Amino acid sequence: MDTPLPDLVAALNQFRPVIVAPYASMGRLLAAEQEAGRLQIHPVLVVLSAEGLAPGDYERIARVFGAKVRHGYAATECPFLSYSCEHLWLHVNSDWAVMEPVDADYRPTPPGEQSHTVLVSNLANRVQPILRYDLGDAVVQRPDPCPCGDPLPAIRVQGRAADVLTFPDEQGEPVAIAPLVFGALADRIPGLQRLQVVHTTPTTLRLRLQAAAGADPGRVWQAVHTGITRLLDDRHLGHITVERAEELPAQSPGGKYRTVIPLR
Ligand SMILES: [Zn+2]
């Protein structure tokens with residue numbers, strides 16, 4: 001997942017997968033590679049996870065690959081939460097999970113209206129109960145039966161657009177990096193509790209980091225800086241400035257820590 005895109009494309013071309021299950025933002029990048037002719041794979045099914053894409057993106061990915069596209073919406077706290085139908089509605093597995101769209105004061109949001117956040121209870125996990133866990137995403141529940149015939153509650157997630165960062169290379173051509181790449185990097189750095197990558201100007205990345213208790217913040221910063229610099233160099237983005245923020249990672253209004261905050 002931290003492989004530069006051209007290497008990933010080459011590996012996929014060699015492997016020729018039947019099913020591809022990328023994070024949604026990576027799925028969109030792969031579709032662009034397939035459109036450009038660099039990627040030449042023919043999966044029968046593309047299963048996208050994590051960030052929501054615009055509805056047009058799902059159709060585009062299906063068309064580009066000539067494949068069925070489905071997606072899931074879930075969380076570590078409830079990995080089987082929901083899966084999409086052919087009408088792009090997410091059906092909640094409500095026999096195993098309770099999903100409650102609520103407003104900012106945690107009052108129920110009626111079907112058809114956009115919620116402020118959503119609470120999830122995992123009924124399958126008895127070892128570590130997860131009750132009314134706040135996922136931080138705005139959702140809309142369909143008020144009428146879904147035309148696919150599935151009677152389970154149908155929702156759409158409005159909250160998160162894919163947080164792909166796009167930088168100009170030395171020639172001014174755009175180079176996109178999926179948010180997952182930064183998350184994967186952060187996972188590998190010892191002593192790093194949380195990293196937030198903020199794209200502040202087209203050629204500046206500001207890194208907010210929080211070291212774990214007992215870790216040396218200077219050492220953690222060195223490791224993060226080395227990792228990010230290598231990641232950028234691998235993509236011919238050595239001219240991007242990486243700066244250390246004095247402030248700690250910040251929560252978004254929904255209460256989530258986003259790993260990546262794109263340029264506005
Ligand atoms: Zn449906």
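1. In this predicted model, the buried residues of helix H1 pack against helix H2, which spans residues 24-35. Helix H1 itself covers residues 5-15, and its buried residues are Leu5, Val9 and Leu12. These three lie on the same side of H1, because the arc they cover around the axis is only 65 degrees.

2. The opposite face of H1, turned away from the buried side, carries the exposed residues Pro6, Gln14 and Phe15.

3. Turning to the contact itself, Leu5, Leu8, Val9 and Leu12 of H1 meet Met26, Leu29, Leu30 and Glu33 of H2. Sorted by class, this contact of H1 with H2 is made of 7 nonpolar residues and 1 charged residue, with no polar ones.

4. How do the two helices, H1 and H2, pack in terms of angle and axes? The angle is about 75 degrees and the axes are 11 Å apart; since angles of 65 to 115 degrees count as roughly perpendicular, H1 and H2 are therefore roughly perpendicular to each other.

5. On the cysteines, a search of the whole structure finds 0 disulfides. Cysteine 78 takes part in no disulfide, and the nearest cysteine sulfur, which belongs to cysteine 85, is 19 Å away, whereas a disulfide would need the sulfur atoms within 2.5 Å. Cysteine 78 is buried, at a relative accessible area of 0%, and cysteine 85 is buried too, at 7%.

Definitions and conventions: Residues numbered from 1 in each chain as written. Predicted model: local features only at pLDDT ≥ 70, side-chain atom pairs only at ≥ 80, totals over all residues. Heavy atoms only, no water. Buried < 20%, exposed > 50% of the residue type's maximum accessible area, 1.4 Å probe, protein only. Helix = DSSP H or I, 4+ residues; strand = E, 2+ residues; numbered from the N terminus. Arc of directions from axis to C-beta. Contact = heavy atoms within 4.5 Å. Axes fitted to C-alpha atoms, helices over the stretch in contact; angles between N-to-C directions. Parallel < 35°, antiparallel > 145°, perpendicular 65-115°, else oblique. Nonpolar A, V, L, I, M, F, W, Y, C, P; charged D, E, K, R; others polar.
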